[in-house]
Amino acid sequence: MPYTLISYLKFVYEWKQFNCMLALYRFTPIVIFLTAFYSAEAFSRTEFTEGYEAAQAGNYKHAIALWTPLAQKGDAAAQYTLGWMFESGQGVPQNYQQAAFWYTKAAKQGDVAAQYVLATMYNKGTGIALDRQKAVIWFTKAANQGDAIAQFKLGVHFQKGLGVKQNYKQSLLWFKKAAEQGHLTSQINLGKIYQSGKGIKKDYKKAIIWYEKAATQGNALGQYHLGFMYEYGRGAPQSFKKAKSLYLQSAKHQYAPSAYKVAEFYELGKGSDIDFKRAVKWYKKSANKGNNSAQFKLGNLYKEGKGVTKNLRIAIDWYTQAAQQNHAQAFYQLGIIHEEGVINKKRAQSVKVNYSKAFKNFQHASELGYPYAHARLAYLYENGLGTEVDLGKATILYQQAVQPWAIDRYQSLSKQLTCYQTATTKLFSVNIACTTREVLREKIKAQKIMAIDENSHHWSDNYFTGAVIRGSSELKVTYTREDFFVSAKYTFVGRNKPKLISRVKNKLIEKYGQPNKQQGDEQQGAASFEWIMPDGIHLRVSRGWPDTTTYVLYFSPEKQLQLEVQQAQSSDKTFIPPNEESDRKVESDLF
């Protein structure tokens, strides 16, 4: 049987496997198969000829009745034909087991078509138990008879280790055999193997040779890969002109990735002037074929108004389409839009801040591995925007991020989480070593303590404590620029009460034990007592002289040093250091 005819049969068979059976049956009558694949010798047998004529007239049952005795006597053509009839359900109820039975009979007699079809059935588990080892056996028999598609299939099995030990040399051998017969996918596979160097020495020139063979047959994929080689100068001098020409040829065959490349050339001005309008045209061709990268690019162009009238709603539509196909950057852009909101003179173009939507989009982008999304999602977890506060998740995500500000937040949060594990010193039931302004404020308010001055733009908050803490008059709580706790200072007024410090000290001894340090005379003159807590917080009771007003100070030495550095930079708490300002500018550019 001529190779070209066998290939045609197998092409049809493969299509049948992809649920196209009914359509193919309408356009490919059984008669075509019989005339195409069986020799004059087969038709010279009266029974076979009569069966052929019956099938031609549409009387499949009569054809089967004539072919069955021939098949039972060992006629390979009749056996294969019966297999096809049972597989397709022509003249008999569809029965894959019976199809496999007759294909096996014909295959064992060397019928190449039956060998290939039987291998495919074993490979997919159609009508018989899936068995890739047997599939390889039958593909090999067909391949050794020169069947190009079987040779290609063997190449795939050896390449992936399906039913056989992975062997790149054998894979290359079978791909070459098929490719030399003009099998397009094998030619492209060979190009990819030489280009990647997987299993062999990388050879861009040989990759080009095989890509060219496919491309000259008008194959869109071959043209695309060849264009890529010229675009990046691999195996041949770099040539944007040749690359663009090949991408255009491929794109005209409706190959979406090539249309995307053509658009990219126009957008970036590769080999010609930048032309956003043409870029939009080709991105749309690619996007309408479902290319999510093109959909994302269109979102950018509509958002920025390049090549089209600026339109945020259309941009969001394109981003959404790309995101529905798991495009990480599209999810990220949608997250930015919903997190920051957009105010536009045209109300239809405005987008309200929606942290819940921002959270979901950043979460998808992060799960898809987009590094910038890790930081934005971490920020939402840290601040409880669109989700519950979860500093553990925020820390993990900051660690995966790449932005400088995110790395700083990781280091800060890591310390904070470690602090939570070791902190023991409490004020108002809060571990002050790791607390923040927001948390401590809430706890102080819960004690009915009156605020004298609470202003987040100031370094400290001041409270009147006389009505709640006996003998005290004021509490001053100081924070870093980032609003982490630095110190809490109580004032116990007693200008003519030298023993006041003793009373306060003794109360603290009851709670914390004997102080670690002592300076001065408790009876007269300036004096102080200091405790060093297990978590690093220092507690100091001090008195001046002759004013005997006593102060109780809880403070973090580490945070105190940080505060001193920040106040040396600027007395304005809202001041942003130049390096942090630079990071913010870089970050905004990414959005």
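## Helices α7 and α8

Helix α7 covers residues 96-108 and helix α8 residues 112-124, and the two pack at an angle of about 140° with their axes 8 Å apart. Axes here are lines fitted to C-alpha atoms, for helices over the stretch in contact, and angles run from 0 to 180 degrees between N-to-C directions. That makes α7 and α8 oblique to each other (under 35 degrees counts as roughly parallel, over 145 as roughly antiparallel, 65 to 115 as roughly perpendicular, and the rest as oblique).

On the α7 side, the contact uses Y96, A100, Y103, T104, A106 and A107, and on the α8 side A114, Q115, V117, L118 and M121; contact means heavy atoms within 4.5 Å. Sorted by class, that gives 9 nonpolar, 2 polar and no charged residues. For the classes, Ala, Val, Leu, Ile, Met, Phe, Trp, Tyr, Cys and Pro count as nonpolar, Asp, Glu, Lys and Arg as charged, and the others, Gly among them, as polar.

Residues are numbered from 1 along each chain as its sequence is written, and side-chain values use heavy atoms, with hydrogens and water left out.

The protein has a mean pLDDT of 88, with 90% of its residues at 70 or more; pLDDT is the predictor's confidence in each residue, from 0 to 100. Where pLDDT is low, the predicted coordinates should not be read in detail.

## Helices α12 and α13

Helix α12 (residues 184-196) and helix α13 (residues 204-215) have axes that come within 8 Å and cross at roughly 160°, so the two are roughly antiparallel to each other. The crossing of α12 past α13 is left-handed. Among the residues meeting here are L184, I188 and Y194 of α12 and Y204, W210 and Y211 of α13. By class, this contact has 9 nonpolar, 3 polar and 3 charged residues.

## The sheet

An open sheet is built from 8 strands, ordered β3-β4-β5-β6-β10-β9-β8-β7, with antiparallel pairing. Two strands pair if DSSP finds at least two bridges between them, while helices (H or I, at least four residues) and strands (E, at least two) are DSSP runs, numbered from the N terminus. β3 (450-453) and β7 are at the edges with a single partner strand each, so one side of each lacks a neighbour in the sheet. From one strand to the next, the twist averages 20°.

β7 (residues 517-520) and β8 (residues 527-532) run antiparallel and are joined by 4 bridges, with Q519 opposite S528 in β8. Their hairpin has 6 residues between the strands, and G525 takes a positive phi near 80° there. Antiparallel β9 (residues 538-543) and β10 (residues 550-555) share 6 bridges; H538 has F555 of β10 as its bridge partner.

Most residues other than glycine have a negative phi, and most peptide bonds are trans. W545 and P546 are joined by a cis peptide bond, with omega about 10°, and P546 lies in the loop between β9 and β10. F428, not a glycine, has a positive phi of about 55° and lies in the loop between β1 (426-427) and β2 (430-431).

Technical notes: Left-handed = near helix turned anticlockwise from the far one by under 90°.
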